[in-house]
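The following paragraphs are intended for a reader who meets this structure for the first time. Please keep the sequence and the model in view while reading.

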Amino acid sequence: MSSLFPYKTKASHTLFDPGSHRPFRISRSRIDRWLECPRCFYLEWRRGVGRPSMPGFSLNNAVDALLKKEFDIHRARGTAHPLMQAYGLDAVPFDHAQIDAWRDALRRGVTYLHPPTNLLITGGIDDVWKNATGELIVVDYKATATSQQISLDDGYKSGYKKQVEVYQWLLRQNGFPVSPVAYFVFVNGQTDREAFDGKLEFDIQLISHTGDDRWVEPAIYQIHECLMNDNIPAAGNICEYCGYRAAAAQATGEK
Ligand code: SF4
């Protein structure tokens, strides 16, 4: 039976080759995948079996694009955005020749070739601000819709913290002084309005996180070790899919 959504394994030239001297790219999202579950990471980048694709989050992308435009106005003027002023933050959007490249994950974002492992670490950053002492501030935009108080304490938000810590590490490897404090710009879609009326209104909130990037380089060594190994790592406890696949195989009598 043909499928409307045929599954494709990855092309062999995109996979990690332990015998190759070419740098292998490890993006921030690949680091996330490895942190989640080394087995899924390994299946994707050594064996070419990635997770099924997901549709893009077009509303989130639209919010990101609009926020970038808004902060770019202040970047060009060298002025603080009203949100920074509202939170008493003495900073302006950082104006740098590479800012567009850093923000473009498809162009790899901020990059650093880690010589001991030959892994090219990359991360597409949402924004960079500069504080009064000249330190760079990593900024990430998040779109959500909740009536709850937004905080970084939920379990799954530990991934958000790791995300900005990778960006902090990348900027430091590129020689920049980086503030330990990163900011999340949360825009929260409001659902308690009288009517939709063709528009979604957002509240905007700044939440700080004091990052600690000391885990990043040890993780890079472990990722390299994982990729060099010919054995498939054990599954983590991250999700039900391995159990689901085993149960499905048992139900269909597949080995
Ligand atoms: S537990 Fe989940 S994340 Fe890990 S290998 Fe299985 S399917 Fe992948």
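The model is predicted: local features need pLDDT of at least 70, side-chain atom pairs count only at pLDDT 80 or more, and totals for chains, interfaces and linings use all residues. Residues are numbered from 1 along each chain as its sequence is written, and side-chain values use heavy atoms, with hydrogens and water left out.

Consider strand E4, which spans residues 119-123. Helices (H or I, at least four residues) and strands (E, at least two) are DSSP runs, numbered from the N terminus. Five of the five residues of E4 are buried, where buried means under 20% relative accessible area, exposed over 50%, and partly exposed in between (1.4 Å probe, protein chains only). Leu119, Ile121 and Gly123 point one way from the strand, while Leu120 and Thr122 point the other way.

E4 has pairing partners; two strands pair if DSSP finds at least two bridges between them. Strand E1 (residues 24-27) runs parallel to E4 and is joined to it by four bridges, with Ile26 and Ile121 as bridge partners. Strand E3 (residues 110-114) pairs with E4 in the antiparallel sense over five bridges, and here His114 is the partner of Leu119. E3 and E4 form a hairpin with four residues between them, and Asn118 in the turn has a positive phi of about 60 degrees.

Two further histidines may now be examined. His209 lies in strand E8 (residues 202-210) and is buried, with a relative accessible area of 12%. A polar contact of 2.9 Å joins its side chain to that of Glu165; such a contact is a pair of N or O atoms within 3.5 Å, and within protein one must be able to donate a hydrogen and the other to accept it, while residues adjacent in sequence count only if both atoms are side-chain atoms. Beyond four places in sequence, His209 also touches residues including Leu152, Pro180 and Phe184, contact meaning heavy atoms within 4.5 Å.

His81 is located in the loop between helix H3 (58-77) and helix H4 (82-86). His81 counts as buried because its relative accessibility is 5%. A polar atom of the His81 side chain lies 2.8 Å from the backbone nitrogen of Leu83. Apart from neighbours within four places in sequence, His81 is in contact with Glu70, Phe71 and His74.

Finally, helix H3 also contains Leu59, which is exposed, with a relative accessible area of 57%.
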